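Here are some notes to read alongside the model. Keep the structure open and look up each place as it comes up.

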Amino acid sequence: MKMPADDAGELSWLLFRQARVLGAAQARRFLSEKAIRHRVASGRWRQVHRSVYVTHDGPVGPEERRWVAVLAAGPAATLGGLTAAQCWGLRRYESHLIHLLLPARHQLRALPPGVRVHRTTVLSSEDVLAVGRPRRTMPARSLVDAAQWAATDEEHDR
């Protein structure tokens, strides 16, 4: 997606920052329910989860899938493990799973297929990227978690 013009509205900038993926509550901040339904019915938007929309009609790529997972899981969700490491640039270890880290006591919402949740009681501010989105663990924490969560030394795509 190309960068919005300087005078673009808040919705355009939000869509740019979130790879053209919106949570339902975010969409309702800018549009009426009728306007949202019209965009879905006309095919301009797709409801990819009960609480998440992709606001284009093209293929859903890895960046969008990560946003769908985080928005579906809620504000406490953090990309972790191999998913976060891939965001940091790790190559040669591919996975179609999105790994999310959630607080141990967080109430789990229904998540889209292909999302694996891991729980933690310890996630310090030093372990999480302070800027940028979606939220993800820092490289060292990401790699340690990826190694701990792998079922085997060769696990790539499970």
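1. Let us begin with the surface. The protein exposes about 9,300 Å², and carbon and sulfur atoms supply 52% of that area. Accessible areas come from the Shrake-Rupley method with a 1.4 Å probe, and for residues only the protein chains shown count as cover. Of the 158 residues, 42% count as buried; buried means under 20% relative accessible area, exposed over 50%, and partly exposed in between (1.4 Å probe, protein chains only).

2. A word on the source before going further. This is a predicted model, in which local features need pLDDT of at least 70 and side-chain atom pairs count only at pLDDT 80 or more, while totals for chains, interfaces and linings use all residues. Residues are numbered from 1 along each chain as its sequence is written, and side-chain values use heavy atoms, with hydrogens and water left out.

3. Now the overall plan. The protein has six helices and six strands, and from the N terminus on they follow one another as α-β-α-α-β-β-α-β-α-β-β-α. The radius of gyration is 16 Å, close to the 15 Å that the globule rule gives for 158 residues, so the protein is as compact as a globular protein of that length. That radius is taken over C-alpha atoms, and the globule rule is 2.2 Å times the number of residues to the power 0.38. Helices (H or I, at least four residues) and strands (E, at least two) are DSSP runs, numbered from the N terminus. Along the principal axes, the C-alpha atoms fill a box of roughly 50 × 30 × 30 Å.

4. How are the strands β4, β5 and β6 arranged? They form an open sheet in the order β4-β5-β6, with mixed pairing. β4 (78-79) and β6 (115-120) stand at the edges with a single partner strand each, so one side of each is left without a neighbour in the sheet. Two strands pair if DSSP finds at least two bridges between them. Strand β5 (residues 98-103) pairs with β6 in the parallel sense over six bridges; there, Pro103 has Thr120 of β6 as its bridge partner.

5. Two helices meet this sheet. Helix α4 (residues 62-73) lies across β4, β5 and β6 and runs at about 25° to β5. Helix α6 (residues 139-149) also packs on the sheet, touching β5 and β6, and its direction makes about 105° with that of β5. For such angles, axes are lines fitted to C-alpha atoms, for helices over the stretch in contact, and angles run from 0 to 180 degrees between N-to-C directions.

6. There is another open sheet to find, with the strand order β1-β3-β2 and antiparallel pairing. Here β1 (21-23) and β2 are the edge strands, each with a single partner, so one side of each has no neighbour in the sheet. Three bridges join β2 (residues 46-49) to β3 (residues 52-54), and a hairpin of two residues connects them. Within this pairing, Arg46 stands opposite Val54, and Gln47 has Tyr53 as its bridge partner in β3.

7. Which aromatic rings pair up? A search of the whole structure finds two aromatic pairs. Trp13 and Phe16 form an edge-to-face pair, 5.9 Å centre to centre with 85° between the planes. Rings of Phe, Tyr and Trp (its six-membered ring) pair if their centres lie within 6.5 Å; planes under 30 degrees apart count as stacked, over 60 as edge-to-face and the rest as tilted. Being three residues apart in helix α1 (residues 10-17), Trp13 and Phe16 are separated by about one helical turn. Trp13 is partly exposed at 23% relative accessibility, and Phe16 is partly exposed at 27%. Trp45 and Tyr53 form a tilted pair, 5.7 Å centre to centre and 50° between the planes. Trp45 counts as buried at 6% relative accessibility, and Tyr53 is buried at 8%.

8. Last, a look at one residue. Is Thr83 buried or exposed? Thr83 lies in helix α5 (residues 81-87) and is buried, with a relative accessible area of 2%. Not counting residues up to four places away in sequence, Thr83 touches Arg66, Leu97, Ile98 and His99, where contact means heavy atoms within 4.5 Å.
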